[in-house]
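Biologist: I have a structure open and would like to go through it slowly. Please take me through the packing of its parts.

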Amino acid sequence: IGPDDAPVKVFIISDFQCPVCRRAANGSHELFDQFGKDVQWIFWQNPLDMHRKALPTSKASMAAFRQGKFWQYHDKLFQNQRSADEASLEGFATELGLDLAQFKKDMEDPELLKKIRSDQAAAENLGARGTPAFVINGRLQVGWGSAAGIGSMIKREQAEMKKLLEAGTSLKDALAK
């Protein structure tokens, strides 16, 4: 969510079967609206082994992404966290108007698993071994306290980016800093 040229990038590292991630997802929605085009929200998959249905739900969300409905499917998964069997995942796809045959085909695509494993490796390299975690312009926040707490971190990053950009630093260089 949000433009590629947003001065603040927030990576959400999450597991669709994690109860704390569900609270974070609900709280993140108010932040999406609050920050608008100033923030780009990027979701990284981190299905934890302890959650039996985490990997299939991750794959399902990515299959929905391929049809342009990731965030809507994301919301369905968190609203129905206990319903993660194959029939439910397909039912959510149908409810959202996805091409079910394509959805099923995409669920089996080995590229989805490759992308999930890549997200997990990136999260681990950053020190985010659990979920939820947030990386806000390179600064790691593990866990979820509140929308206000994450919002404060984003506001600090906005202020820092504004200073850099006003000083003539390019967006690319400012993000690198």
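Biologist: At what angle do the axes of α4 and α5 cross?

Modeller: Helix α4, residues 86–95, and helix α5, residues 100–107, have axes that cross at roughly 135° and come within 10 Å. Axes here are lines fitted to C-alpha atoms, for helices over the stretch in contact, and angles run from 0 to 180 degrees between N-to-C directions. Helices (H or I, at least four residues) and strands (E, at least two) are DSSP runs, numbered from the N terminus. The angle makes α4 oblique to α5, because angles under 35 degrees count as roughly parallel, over 145 as roughly antiparallel, 65 to 115 as roughly perpendicular and the rest as oblique.

Biologist: And what kind of model is this?

Modeller: This is a predicted model, in which local features need pLDDT of at least 70 and side-chain atom pairs count only at pLDDT 80 or more, while totals for chains, interfaces and linings use all residues. Residues are numbered from 1 along each chain as its sequence is written, and side-chain values use heavy atoms, with hydrogens and water left out.

Biologist: Now the strands. In what order do they form the sheet?

Modeller: The order is β2-β1-β3-β4, an open sheet of four strands with mixed pairing; two strands pair if DSSP finds at least two bridges between them. The edge strands, which each pair on one side only, are β2 (39–45) and β4 (139–142). Direction ignored, neighbouring strands of the sheet are turned by 20° against each other on average.

Biologist: How many bridges join β1 to β2, and how do they run?

Modeller: Strand β1, residues 8–14, runs parallel to β2, and seven bridges join them. Within that pair, Val-10 stands opposite Trp-41 of β2.

Biologist: Which helices lie on the sheet?

Modeller: Helix α3, residues 70–79, packs on the sheet and touches β1 and β2, with its direction at about 60° to that of β2. Helix α6, residues 110–126, lies across β1, β2, β3 (133–136) and β4, and runs at about 110° to β2.

Biologist: What joins β3 to β4?

Modeller: Four bridges join β3 to β4, and these strands run antiparallel; for example, Ile-136 stands opposite Arg-139 of β4. Their hairpin has two residues between the strands, and there Asn-137 takes a positive phi near 50°.

Biologist: Why point out that phi?

Modeller: It is pointed out because most residues other than glycine have a negative phi, and most peptide bonds are trans. Pro-132 is found in the loop between α6 and β3.

Biologist: Let me switch to α1. How does α1 pack with α7?

Modeller: α1 and helix α7, residues 147–166, pack at an angle of about 30°, with their axes 9 Å apart. That makes α1 roughly parallel to α7. The residues of this contact divide into five nonpolar, four polar and two charged.

Biologist: And at what angle do the axes of α1 and α3 cross?

Modeller: The axes of helix α1, residues 19–35, and α3 cross at roughly 140° and come within 9 Å, and α1 and α3 are therefore oblique to each other. The contact is made by Cys-21, Arg-22, Ala-25, His-29 and Phe-32 of α1 with Trp-71, His-74, Asp-75, Phe-78 and Gln-79 of α3.

Biologist: Last one: how many helices and strands are in the chain?

Modeller: The chain has eight helices and four strands, and along the sequence they follow the pattern β-α-β-α-α-α-α-α-β-β-α-α.

Note on methods
Contact = heavy atoms within 4.5 Å. Nonpolar A, V, L, I, M, F, W, Y, C, P; charged D, E, K, R; others polar.
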